[in-house]
Amino acid sequence: MTHLVTNLMTTVLMQSSTDPALAAGEGPTPKTFWLPEGASTFAETNDWVFNFINYINYFFFFLVVGLMFYFVWKYRQKGREVYARGPSHNTVLELGWTIIPTLIVVVIFFIGFRGFVSMKTVPANAYQIDVTALRYGWVFKYPNGATSEDLYVPAGKPVKLVMRSEDVLHSLYIRDFRVKQDVVPGRYTTMWFQADNPTGQNEKGEDKFHHLFCTEFCGVGHSNMNRKVYVLNEMDFNEWVVEQGRWLDKIPAEELYSKAGPKLFARCAGCHTLDGKAGTGPSWGNYDGSGNIWERTASATSTHKVDGKSISELIGQGKKYENPESYLRASILNPNDHIVEGYGPAMPTFRGQLNDKAIDALIGMMRHLDEFDAKGNFVGKK
Amino acid sequence: MTTLDTRPIHDEVPGNYLTFRRGLLSWLLTLDHKRIGVMYLVAVLVSFFVGGVMALLVRTKLLWPGEVSWMTADEYNKAFTLHGAIMVFLVIIPSIPGALGNFVLPIMLGAKDVAFPRLNLFSFYLWVLGAACAVYSLLAGGFDTGWTFYTPYSSQFGAGGTIPVLVGVFILGFSSIFTGVNFIVTIHKLRPPGMTWFRMPLFLWALYATAVIQVLATPVLGITVAMLVIERAFNIGIFDPAMGGDPVLFQHFFWFYSHPAVYIMILPGMGIISEIIAVHSHRHIFGFRFIAFSSIAIAIFSFLVWGHHMFTSGQSPLMNVLFSAITFSVAIPSAVKVFNWLATLYKGSISLNTAMWYGLAFIFLFTIGGLTGIPLAVLSTDIHLHDTYFVVAHFHYVMMGSALIAMIGGLHHWWPKMFGVMFNETWGKIACALVFIGFNMTFFTQFMLGSQGMPRRYYLYQPEFQIYHHISTGGSYIMGLGFLITAIYLIHSLFAGKKAPANPWGGASLEWQCTSPPPHDNFATTPRVGDCYDFSAVSWDEKKQGYVVDAEAHVAAAHHGKGH
């Protein structure tokens, strides 16, 4: 019996891997009666499983319903004849229709299991994009710090999404890729996929895209939380991501701290609060009675302690840092040169990640901290 | 006998339970299982109407892909939440055990009542109290969390009526537990001499298996909603990560109840179908033991598969694999039942009454509902289908197309017994056909919507899905018409229906051997029992315009092992 199962499974599994539709590079599979366009490497295998189950289901559905109609017609009551002498049991038959379906579902389980394992095994060379979900939108962040609201991915390369939520449960679903993963506040979830074909343009010259849906109910804007997925060939993608990373350059100087500040601060917010509450690093707000980050750094009589002494011993004419701006810049680029009392050397350097303009924006935000709310949103002068 | 109403009996007309005592109080304070069953029936059908209106509102909105002036996104969310919560907690879970089970169970056992009549009435009033909480929650701002109450949405955001409705769910849970306890004790203690477990009607096996789940699983729901209320009211972090809780833990707790609850809903329906198919085929049910044990197997397995609702939730891949594997174990006993019902039709003498139409509709719809569960239990395909309309279609085929259709079928099967009148068979079949066609139009299109990638709980949708939504909404109107006709001819039959014989369909179980409607005490003496699926002693009586069971021959046949 076990032999039969193994044989059956091998046959089925072999068939799945030698299916001609699986040959790569044929372009997305077209929309069918049941399934939408298939545009990732998972689509091909998963659609095969779906169709395989469907054929089994058609067979059993027509068997059951066909027999039902046939029996109802054939054995319809004639007159008031009541007592019908049908058999009341048949052990072999009953064991048969218990065991055969069991074998079939065992096979089906293994096929689905196989597909699932590959969906959960992220290739080591996957291109990582960080995803933040919040009511009712998505922030996709690329390795160079560029961010976007729609998702852009390179073609022909495994892409890994590391996802977190700012508020409630969300779920990221790209139907044409056949992938879905809940985004859970308080933890990171991951998923990966590989789309081989660039989305390109339609006849009218408009960019084509795949739909991205939120599939975990998150409130009144739930059905608005859908965005677009563009697949670009690798060259176009690299160009796009660099261009996207230059978003700072497009902001006028006078709006730099108010517009770019909050966006950049989002990267600091994991460790630094704005309202004096404790975090991995010292709050930007007033937490030790010496004022907020700008006040305690700029004041000549600051009681703020760094390296065991007053911070004012470090800053000023003839001292290590000529002005507070220099000290703050150094704290971002070489954060562990000076350690604030009560904290450890935990901050990574942002050298190479934040350019001068970004540091300008952050220092500007520190100088105007009273124009921001506790979450870092710009609210203007009070 | 057993009644809180202690007024002396003088002006009543004895005869049957409906005329035993008169006046509103004689109903409200009754301890008679039949009257409590009828009160449940009225309550459940009123709730079904309200939940149905919500469904039609939701379906009507979905005719348009964009915003509509008469229903905002917030109202839409509240409407589908209300639809789901009403249908699950107020309709399907109590419908068959509370209404039909209460009425039929003691009579099938030849008993005068359930084991604990006062607990039974208390159960009903807990239902009323739970329903009142739900109504109050509407006044307090409604609730918009979906019937699943997922955290942290429900603890941080959900509308103002969230706590009242959770309290309602908590209370309804106790109503369900008490009914379960009552049925378990009744079945253990009040079976008449000669009714061994394997002579017990399959409807009672199903109610027994259901009662076990109700007693074991429902407390988890109670604790879960209590913790959610505590979190929401007192900001004690249990599920909300902002306060140190874990939202996935809530899903585990919730589905630990709510998956077994699926079987609380469907198992009694399967029991009814076993009765309907056997009685209207006039032949012994095929494979009694397989059907009986499959109910128990389903009850046991139902506790081990909750994680299949959470394949995309972030639970560990190993858990996903285990839950997927175990899930298939539930498929087998369900398939066994379908094959056994089919084999019961084989060589039967099938009378196509309205109840039998519903029985056959059940087999058709449950087969689709069951088979479409397979791609949802398979890991790789579920990732695509999870939280889409495919899931919506699947559980409507099981919860409505199967559980509720069985309930309506059972209502037609036992209607003459309950009220002593016959309904109009022609209108019955017309309505059944409308419901069947409308149902398939509504929900089969949703399989396509889902596999094409339309997420559930969406107020706005892509225009490409509109054609499916049009067919679906059209189907829901046809279904609504079918139910409206059903309500009309059933109510009409109460006033103008032909008097029902004791045994209109030719059943051999005990409830067909007392009058229609039954007397207050059901049976004057404890009846003797034969094999309830042995129809050899059943014959048509022209004078009574009904079937009669030759009790002597029936019992004798059972003792000689005949009729198999």
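Predicted model: local features only at pLDDT ≥ 70, side-chain atom pairs only at ≥ 80, totals over all residues.
Let me begin with what I will mean by contact: two residues are in contact if their C-beta atoms, placed from the backbone, lie within 7 Å. With that cut-off, and leaving aside neighbours within four places in sequence, Ser40(A) is in contact with Phe177(A), Arg178(A), Val179(A), Phe193(A), Gln194(A) and Ala195(A).

Residues are numbered from 1 along each chain as its sequence is written, and chains are lettered from A and ligands numbered from 1 in the order in which they are written.

Where does Ser40(A) lie? Ser40(A) is in the loop between helix H1 (2–18) and H2 of chain A, where helices (H or I, at least four residues) and strands (E, at least two) are DSSP runs numbered from the N terminus. Ser40(A) has 24 other C-beta atoms within 10 Å and is therefore buried, on a scale where 20 or more such atoms means buried, 12 or fewer means exposed, and anything in between means partly exposed, again with C-beta atoms placed from the backbone. Ser118(A) is 78 residues from Ser40(A) in sequence, and their C-alpha atoms are 13 Å apart in space.

For comparison, take Val229(B), which sits in helix H7 (residues 202–234) of chain B. Val229(B) is partly exposed, because 19 other C-beta atoms lie within 10 Å, and, with neighbours up to four places away in sequence left aside, Val229(B) is in contact with Ile163(B), Leu166(B) and Val167(B).

Now to the two chains together: 68 residues of chain A are in contact with 81 residues of chain B. On the chain A side, H3(A) gives the most, with 14 residues, and by class that side has 37 nonpolar, 20 polar and eleven charged residues; here Ala, Val, Leu, Ile, Met, Phe, Trp, Tyr, Cys and Pro count as nonpolar, Asp, Glu, Lys and Arg as charged, and the others, Gly among them, as polar.

The axes of helix H2 (residues 41–74) of chain A and helix H11 (residues 354–371) of chain B come within 10 Å and cross at roughly 170 degrees, the axes being lines fitted to C-alpha atoms over the stretch in contact, with angles from 0 to 180 degrees between N-to-C directions. H2(A) and H11(B) are therefore roughly antiparallel to each other, a label used for angles over 145 degrees, with under 35 being roughly parallel, 65 to 115 roughly perpendicular and the rest oblique. The residues making this contact include Phe60(A) and Phe61(A) of H2(A), and Ile363(B) and Phe364(B) of H11(B). By class, the contact has eleven nonpolar, two polar and no charged residues.

Finally, the nonpolar cores, each a set of buried Ala, Val, Leu, Ile, Met, Phe, Trp, Tyr and Cys residues joined through C-beta atoms within 7 Å. Which residues touch the most other members of the largest core? Of its 245 residues, they are Ala361(B) and Ala403(B), and the largest share, 21 residues, comes from helix H3 (residues 73–108) of chain B. A second, separate core of 22 residues includes Trp284(A), Ile293(A), Val306(A) and Ala361(A).
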